[in-house]
Amino acid sequence: MSGGSAALPPVAVVGAGPVGLAAALVLARSGVAVTVYEAREALATESRASTFHPATLDLLDELGVASALRRQGRTVDRVQWRDLDGGVHAELDYALLAGHTGHPYRLHVEQARLTPLLLAELTATGLADLRFGTTVTGAEDTGGGVRLRAEDGAGRVSRTPHPYVLAADGSRSRLRELVGLPGTAEVYPDYALRVVTDTPLDELVPGLAPLAYVRDARASFSALGMPDHWRLIFRIPRGVDRDEVLAPDAVRARVAQALPGAAGRAVRITDAHTYRLARFLLPRYRAGRVLFAGDAAHLTSTAGGMNMNCGLHDAVETGRALAAVLRGDTAAEALLDAALERRRTVVESAVIPRSEARTAGLADPGELPARIAALRRTAADPRSATDYLLKASLLDVAPRPLKGDAHADLVSQAHR
């Protein structure tokens, strides 16, 4: 970082989730001081996103946390589609991605395992001021920056200038409200039921892969094998009462129907909850010197686990471009605008349509034969199978890991 930029106040990052901490780490590794504001008193620990794609693991490797995260997760080497009777419609092997990524596999691990790793790396830079239990309540455009008003848990108020603010404060982003950007999401016609079991389902259901999509006229759902539990994710029509869906007897009956291959053995249910599914995309990822990333900028169907991965890609690409601006690089502001527009275009043209395609037609059993036939054709052709996995993993639209001359790489990628 140049001497002129070193005299600048720190960049503000609002939100200490995976996206905010990754962006802060990218900036700090580039020599940019950051102040991280987080309304919670500590890192979030609740169950949330749990899938990390190859492209994301490549970027996390660049940040120095991929290996530690993999040690805590479950490596998934294939994706499988099957029916309720134990038959396998099709399988794709992630080994097809060798040569396209340094991580030809998918990793299942709670996002709450990632944030402590990012936080430790960020703290080690010595360039981060971490303000947990502090809520941003105001953002004033000063022309040359943004003055944030923040209040801590004791009611103390601070007003701090920042050259830029990166808003990674989630789907209910306060920063969106403060700068006057719209925030209304379009709710999908169904919602998700997630059932958690610590029963090792792959020991009960022969051949069950840790990433399996059951596609059957009687029931369709996803099964994800985690390091210490399994998640079964069902889509429920919006008009079906949630209390009825969550009744213990109803949950047990649904699981029994979903796992007839369990040979009558009991499946211990440790949790069941519902969550809404919605689509949202900001019309632009910038309001003056306030930039947006992750759930603050976009939401999609959770199918395929793309939204959180895309958010981490936002963090890396935006962080790189913003660091170039603060170095005083010629034309860096244009590169920042291009990066933000590219991140938005990725969601609009790739993430939303791909995630929606994963579950399209599930409510109509009549569409299943054609979809299953298409999957079998894809699996039988290595080129088609590789293309499917590249797109499912967002490898075709993700920022690439930097190598050698990082700045030259950044400029080259900006003009792709």
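Mentor: We shall take a strand with its neighbours, and then a pocket, in this predicted model.

Trainee: How many bridges join β9 to β10, and in what sense do the strands run?

Mentor: Strand β9 (residues 134-141) runs antiparallel to β10, with seven bridges between them. Valine 136 has alanine 150 of β10 as its bridge partner. The two strands form a hairpin with four residues between them, and glycine 143 in the turn has a positive phi of about 90°.

Trainee: What pairs β10 with β11?

Mentor: Six bridges do, again in the antiparallel sense, with β11 spanning residues 157-162. Arginine 149 stands opposite arginine 159 of β11. This pair is also a hairpin with four residues between its strands, and glycine 155 in the turn has a positive phi of about 85°.

Trainee: What is the volume of the second largest pocket, and which residues are closest to its centre?

Mentor: Rolling a probe the size of a water molecule over the atoms shows where empty space is left. Here the second largest pocket has a volume of about 420 Å³. It is lined by 18 residues, of which Ala357, Arg358, Arg371, Leu375 and Tyr388 are the closest to its centre.

Trainee: Which helix gives the most to this lining?

Mentor: α12 does, with six residues. α11 (332-357), α12 (368-380) and α13 (382-392) each supply at least two. By class, the lining has 11 nonpolar, one polar and six charged residues.

Definitions and conventions
Residues numbered from 1 in each chain as written. Predicted model: local features only at pLDDT ≥ 70, side-chain atom pairs only at ≥ 80, totals over all residues. Heavy atoms only, no water. Pairing = 2+ DSSP bridges. 1 Å grid on protein atoms, 1.4 Å probe; cavity = no way out; pocket = protein on both sides within 12 Å on 5 of 7 lines; lining within 4 Å. Points joined across faces, edges and corners; volume = space filled by probe spheres on them. Nonpolar A, V, L, I, M, F, W, Y, C, P; charged D, E, K, R; others polar.
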